[in-house]
Amino acid sequence: MNTTSVMIVGVGGQGSLLASKLLGRLLVDSGYDVKVSEVHGMSQRGGSVVTYVRFGEKVYSPIITEGEADIIISFEKLEAARYAKFLKKDGKTIVNTQQIDPMPVIIGAAKYPENVLFELENKGVCVEALDALSLAETAGSSKAVNIVLMGRAAKYFGIPYESWITAIENTVAERFIEMNKKAFDLGYNS
Amino acid sequence: MKKLMIGNQAVAAGLYDGGLGVVSSYPGTPSTEITEFLSKYEDIHSEWAPNEKVACEVAFGASLAGARSACAMKHVGLNVAADPLFTLSYTGVNGGMVICVADDPAMHSSQNEQDSRHYAIASKVPMLEPADSQEAYDFAKKAFELSEKYDTPVLLRMCTRIAHSQSIVQTGEKTPAVLKDYVKNPAKYIMMPGNAIKRHPIVEERTAALVELAETEEFNTVEMNSDEIGIITSGCSYLYVKEALGDKASILKIGMPNPLPVQMIKDFASKVKKLYVIEELDPVIENHVKALGIEVVGKELFSILGEFSQSTVAKAFGLEEKPSVSADSEIPARPPMMCAGCPHRGMYYVLAKNKITALGDIGCYTLGAVPPLSALDSTLCMGASISGLHGFNLARRAETEQKSVAVIGDSTFMHSGMTGLVNIAYNATNSTVIILDNSITGMTGHQQNPTTGYNIKGDPAAKVDLEALCKALGINRVRVVDPYDLKTCETAVKEELAVEEPSVIISRRPCVLLKSVKAKPSLAVDKDKCKSCKKCMTLGCPAISFKDGKAHIDNTLCVGCGVCNQLCAFDAIN
């Protein structure tokens, strides 16, 4: 089979490392060859962060370049727009509608574009937007945005629901398992 | 056991399974996790050293005593450890010794893009370079055998994409950690001229023997797929070549970039019509191939700058570009910045407000350079703020002594700030040094250091008393301020700049990201009182923005540090 390429993008501190840990575990347990590439260090301090996840029969490169991603899971609107050029022509982007202003916008040196998701849709990108922050809060913690988004993306991986739940149980700390399962379900059923 | 590991975790597992006894390192992206993972093993000694030179020398001592030892550092850390490295090449080892060094092409978290393969060549030390986590594990483990067999330290070169990419690792048997006998051997271990002069020819013989090893498929491998295109490559570039070209090209994969094979390259070159070298950063393999008189395409097609990818390779070989779409709107950049409540911000605000020249250093606080604070004038390397300030003041004396400071973090001060401070006291400039003490090594992800009172395992440890240390180094004026208190900070800075002797201001407050630091309730803006003067926005706090003509505080980010309400002339923030 061909390699599937998934990107997780967002703002440093939003919890993308847990999302990639969950995906990695899930894909290994499902029998795939997997590569997950993360960013550590300076850009984690509120900067734009990206994680590449690739799986298939045999995966060589750990990174994804323009026009290659099957799915982009974005924790923030502007980041969805920033990385849209990495999507394949028929690629799909799952976006948390949260807006986090970057410093150039805060200090008035740049403007936060208003209709970026609409622009992408107009160009034929399949955009699935959801308010993952509210769903995460419903599940019990604003920090569960990552798992809500995983829930929403799950159906595009062709991996059974039960395997996702097992991966959550194997990845998150025990006292957060129930809350994260709830967050996953809220995303899954959204 | 089969497990998904980042390259650095695989290196740790490989070193451990290779019989490691002692590891000493200084954190640095992208190398930090090697030692963090090693610290989880209870039956070996792991530690954070104050700097890479100390770490490398600790590993030397452990090797001398008969243990298998290692140290890990980022590429620029090897500059600091270069002194022991070059002579370790002469002494060789007793227990096997591995020096892990992680390069950062594209500078994800670094101040330069240096290629550490030059160190291997210059110090005549063999270097291994894995291309994924499995090889990181295998090479780390084998490095100990190589080290002991050839009586040499071994460099293990990582890069960001290998260090921080997870791939599947099948671990193997653990070699038990054994302590070899220590036998006094002055001719081998005392490197004074009479002894060193006899060691140098041994080093050259060793290199010749290692070239013979390089000719085998122990670390370098050949995949013959095509007689048209031949590619010599290594590390992550190998992955990009395989991804882009699959079986369309023959590949000589270099797993040991120093010393490089000769016959293997000649044979490979003779079997293909056109030969390419694809390597990130400098043309190290390419120059070697050219020196053999072989025609090769390298840096004219594959840049000396930054990172490669599969599309770099695809483009070079004229493969079709993949179509993509993008939004029409301009997407504003999202650079990294200091966190909401970061204790560095208050001090930087005071420096920026008073238009003070600030020579900076390496750490989270380098982010004081970005707008709107733009509070820094230079950042060079670990410790250069303090020694640089002394030179700056020597050149211009009173003109700058009264309006220039050095800013340096607690960990960086321990790393190589102390010696610069001694120099300020000894050679007498009226310099003012600000130690931004956030009680942790921040940027690399919260490692303990000698000022925190805890060791790598989080156990209580000796704690350096920074005030007493600065006094002992010859500075009489040492004062401590809380960077959340702007008025006190400003008074301290003005007074210490005015005084005609060297001084140190310790700006002390723990990093807000530390679990031990509890956030206060979020502050909020009283829209009726806010006069839209935007004074609070000059702090560059990510929690403060301007919405509907008034300042607005994001309650999910604000930690209630209270710095902004000290700026508000209208008492609108509470």
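How much area is buried between chain B and chain A, and what share of it do carbon and sulfur atoms give? In this predicted model, the area buried between the two chains is about 4,800 Å², and carbon and sulfur atoms give 60% of that area. The size of an interface is often given as the accessible area lost when the parts come together. The contact draws on 54 residues of chain B and 55 residues of chain A.

Chain B is divided into domain 1 (2–214), domain 2 (221–316), domain 3 (344–508) and domain 4 (518–574). Between domain 1 and domain 4 of chain B, the C-alpha centres are 49 Å apart.

Between chain B and chain A, 5 salt bridges are counted. One of these joins the side chains of B:Lys322 and A:Glu68, with an N to O distance of 2.8 Å. On the side of chain B that touches chain A, two or more residues each come from β1 (2–6), β8 (165–170), α11 (235–245), α14 (310–316) and β18 (544–547) of chain B. By class, this side of chain B comprises 26 nonpolar, 18 polar and 10 charged residues.

Strand pairing also links the chains. Strand β2 (residues 33–37) of chain A is joined to β8(B) by 3 bridges, and the two strands run antiparallel. Within β8(B), B:Gln166 stands opposite A:Val36.

Definitions and conventions: Residues numbered from 1 in each chain as written. Chains lettered and ligands numbered in written order. Predicted model: local features only at pLDDT ≥ 70, side-chain atom pairs only at ≥ 80, totals over all residues. Heavy atoms only, no water. Domains from an automatic or database assignment. Contact = heavy atoms within 4.5 Å. Buried area = accessible area lost by both parts, 1.4 Å probe. Salt bridge = Lys/Arg side-chain N within 4 Å of Asp/Glu carboxyl O. Helix = DSSP H or I, 4+ residues; strand = E, 2+ residues; numbered from the N terminus. Nonpolar A, V, L, I, M, F, W, Y, C, P; charged D, E, K, R; others polar. Pairing = 2+ DSSP bridges.
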